[in-house]
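Keep the sequence handy as you read.

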Amino acid sequence: ITKSLQSVKKRSMTFEGFLRYMESKDCCVFDQAHTSVYQDMDQSLPSYFISSSHNTYLTGDQLVGKSHLFAYVSALRKGCRCLEIDCWDGPDMEPVVYHGYTLTTKILFKDVITTVEQHAFEVSAYPVILSLENHCSKEQQEVMAQYLISILGDKLLTAPLDHSTTGDLPSPNDLKYKILIKNKKLKRETKTEDAEGAEESADEGEDEEEDEDEEDEDQQSKPKFWPTRKAGSKKKKVVVAEALSDLVIYTRSVKFVSFSHSKDNQNCYENTSMAEKKARKLAKASGLDFVQHNQKFLSRIYPAGSRTSSSNFNPQEFWNVGSQLVALNFQSLGLPMDLNDGRFQDNGGCGYILKPVVLTSSQRSFDPSCSQHSLKPTHLLLKVISGSNLPVPRSGKALDPFVRVETHGIACDSHRRCTSTVKNNSLGPYWDADMNFSISVPELCLIRFCVKDQTGLLSSEFVGQYTVPFTSLKKGYRWVPLRSRDGCSLDPASLFVFVWYS
């Protein structure tokens, strides 16, 4: 205490005080101004990356995993703004939610909606999209519509807004505290009273036909050995009930045909979903067209059906073409979710990130597969100096730690560098390693610090990580707070680094 008082009088710091300051939020590598909403939230919806979940109800794999209401609570608390609900006919006219044609457990649709209503705006005021994968009969769809209206009340968007957003769709600000339904919608033509019945029937027939051709996520999500329908049996057609159709306002699901077809035929309130393999193929072959498509329309990308263990793809490749709803299995830990958490901790963790100008400007042509994007790329210097209080494994053996720094962006901006390994030191390993990166599109780039334990000549184990958007990096000597595999704080485990870019 005497030492501290003397330091105050001399207007200086003790070493302990300096250390506490260096490990405070003021010195965090993540810009603390970005822990609140600071971006323009008045742009049209397609101008944002939107935190999105796939098979949100699952807590495990897609074959025998458990469905649980807490999975929805967990996703919403992580800032997720687009939830998936797979709906099937249940007993006693009660629609159920589960992964169709599998042994995953079932939960009631009404309980899911009640859970969403309770937690939708706990961490973010911005709109929630409920992406329905609808396999229900007309009768049970009407039950679904009743639950949506009665449980969600004023939170449910039931009519278009009188909005002033530049662009055809409203903005996140326009839609604050609103829940949107993403589903197919009956086609409505201008009707005369005499022809109304006949035209309505024709509309429904057309929708059936469309449904027959529509990519079916649940069918795609089964491994080849998993039994589905009998060979030769016709797929059951799902016709949208009018009561449910009426609740679809700005997020009507339509089939993706081609970019030129969308340009000529797609309406602003219509959006497409496609599996990662198809999206990857399009991104590689027609990156520029994909970017321009996503300037007008919402597109949702979901994991391949072969990922029965609920593993994830790298979301960066689809953010690079401007896809807004890049849906991941939130229950699956690892690099993809680290990147998702890093991307969406920005802008106050509200689940909406304004896309960079390269993806939204109609004046610029941007193809993420091309390597030359700016005359002068940004030079990033990262000096990984030391670590502190790294978590020791259950064995109690001290770590042999090293740090891998990864940059994730467009293809030419994705790199990794490693420090050397420090033997037998978990408490205060010292690396003093300089790493240089050249980044052509920093606005899309994420930086991931990953600490690993060298367990063998070619083997290592995860210790902790931290992912930060390049645009949220603070220059100078900085503290990197490490997180566990499931995204929880490992405090006081940290790294000490120096950051500079120009």
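Asp86 sits in strand E3, which covers residues 82-88. Bear in mind that this is a predicted model. Is Asp86 buried or exposed? With a relative accessible area of 0%, Asp86 counts as buried, because the cut-off for that label is under 20%. Its side chain has a partner, too: the side chain of Asp86 makes a polar contact with the side chain of Tyr57, at 2.6 Å.

Next up, a pair of helices. Two packed helices are described by the angle between their axes and the distance between the axes.

| Helix | Helix | Angle between axes | Axis distance |
|---|---|---|---|
| H4 (residues 109-119) | H5 (residues 138-152) | about 25° | 10 Å |

Angles under 35 degrees count as roughly parallel, so H4 is roughly parallel to H5. The crossing of H4 past H5 is right-handed. Who meets whom? On the H4 side you'll find Phe109, Lys110, Ile113, Thr114 and Glu117, and they meet Met144, Tyr147, Leu148, Ile151 and Leu152 of H5. Sorted by class, that contact has seven nonpolar residues, one polar residue and two charged ones.

Last stop: helix H13, residues 335-344. How many of the 10 residues of H13 are buried? Nine are, so the helix is largely enclosed by the rest of the structure.

Methods: Residues numbered from 1 in each chain as written. Predicted model: local features only at pLDDT ≥ 70, side-chain atom pairs only at ≥ 80, totals over all residues. Heavy atoms only, no water. Helix = DSSP H or I, 4+ residues; strand = E, 2+ residues; numbered from the N terminus. Buried < 20%, exposed > 50% of the residue type's maximum accessible area, 1.4 Å probe, protein only. Polar contact = N/O pair within 3.5 Å; in protein donor to acceptor, adjacent residues only side chain to side chain. Axes fitted to C-alpha atoms, helices over the stretch in contact; angles between N-to-C directions. Parallel < 35°, antiparallel > 145°, perpendicular 65-115°, else oblique. Left-handed = near helix turned anticlockwise from the far one by under 90°. Contact = heavy atoms within 4.5 Å. Nonpolar A, V, L, I, M, F, W, Y, C, P; charged D, E, K, R; others polar.
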